[in-house]
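Please work through each task before reading its solution.

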Amino acid sequence: MTTADPFHALLTQPRCSLGVFVPAGLHPVSAERRHLDQLAQAGADLFEVGLATEDAVLDGPVIQSAYHRALRRGNVLDAAVRAVEHAAGLRPTVVMTYWEPVRRHGPEHLARLFADAGAAGVMAVDLPAHHAARWHDTAREAGLRTPRLIPRTTPDTSLPAAVADASGWLYAPASTAHTGYRGPLDLPALGHFTQRLRAVSPLPVVSGVGISTPALAARVAPVVNGVVTGTPVVRALATAPDRAAEVTAAFAQALHTPTSTETRA
């Protein structure tokens, strides 16, 4: 079993890291690998590879559409494994999934499959509380980290239990809306939430959902260890793939300027 945390050094460095979400199976294998290469070169520090599912209830229309397109291409689990194999050779990589595919394919099988492909972790974004202990044990035995999405509405009394078995990082959504939200962000509320998380866990805090522009990413960066961009990159991959690297580079530049790190909590 792997004992070193591949995310620790990345997410505890002075500057804020950039995670880039890519839905697996959106394009043929050769094109997808080329896109991953370009995103890594453009400034992605880590990859989140999405396993397509029919009911991505926490995602907005752009990512849902990408998932449906991948589902029409078929063999989405194989596509995710191939994407992870390539992405993991470029940057630390975590698989983003919903619980339904984990349940359907079997937690032990899925954990071993992605661990063998080189994934450093798997995050089930809607992990049911009554399955959490088994899933975390299964993933740990396979050598995988299990980042945990913690809703901002989680009361203080429930936070210790919510983060207890998480590893790798804690995911604090910047917005309470679906992915792809383009409205304003309540940055003081996000800052307060990250303080609450840090009071109960030593894990780095990563934020995504609603960080729709590089300017917003720069404003979020001081209060978290990593920012994830999803919908802006997925929109480019779906409509004008060659622009995805340009979008990634803009987010990377926004995060890696001194003003994005000088007041980090």
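Helices (H or I, at least four residues) and strands (E, at least two) are DSSP runs, numbered from the N terminus, and the expected span of a helix is 1.5 Å times one less than its number of residues. The model is predicted: local features need pLDDT of at least 70, side-chain atom pairs count only at pLDDT 80 or more, and totals for chains, interfaces and linings use all residues. Residues are numbered from 1 along each chain as its sequence is written, and side-chain values use heavy atoms, without hydrogens and water.

**Exercise 1.** Determine how H4 and H6 cross, and which residues meet.

*Solution.* 
1. The two axes, lines fitted to C-alpha atoms over the stretch in contact, with angles running from 0 to 180 degrees between N-to-C directions, come within 8 Å and cross at roughly 35 degrees.
2. From H4, Leu77, Ala80, Val81, Val84, Glu85 and Ala88 meet Leu110, Leu113, Phe114 and Ala117 of H6, where contact means heavy atoms within 4.5 Å.
3. By class, this contact has nine nonpolar, no polar and one charged residues. Ala, Val, Leu, Ile, Met, Phe, Trp, Tyr, Cys and Pro count as nonpolar, Asp, Glu, Lys and Arg as charged, and the others, Gly among them, as polar.

**Exercise 2.** Characterise the lining of the largest pocket.

*Solution.* 
1. A pocket is an open set of points on a 1 Å grid over the protein atoms alone, where a 1.4 Å probe fits, with protein on both sides within 12 Å along at least five of seven lines; lining residues have an atom within 4 Å of a point.
2. The lining of the largest pocket consists of 42 residues, and Leu58, Leu149, Pro173, Thr179 and Val209 lie nearest its centre.
3. Helix H11 contributes the most to this lining, with three residues.
4. The lining residues divide into 22 nonpolar, 13 polar and seven charged.
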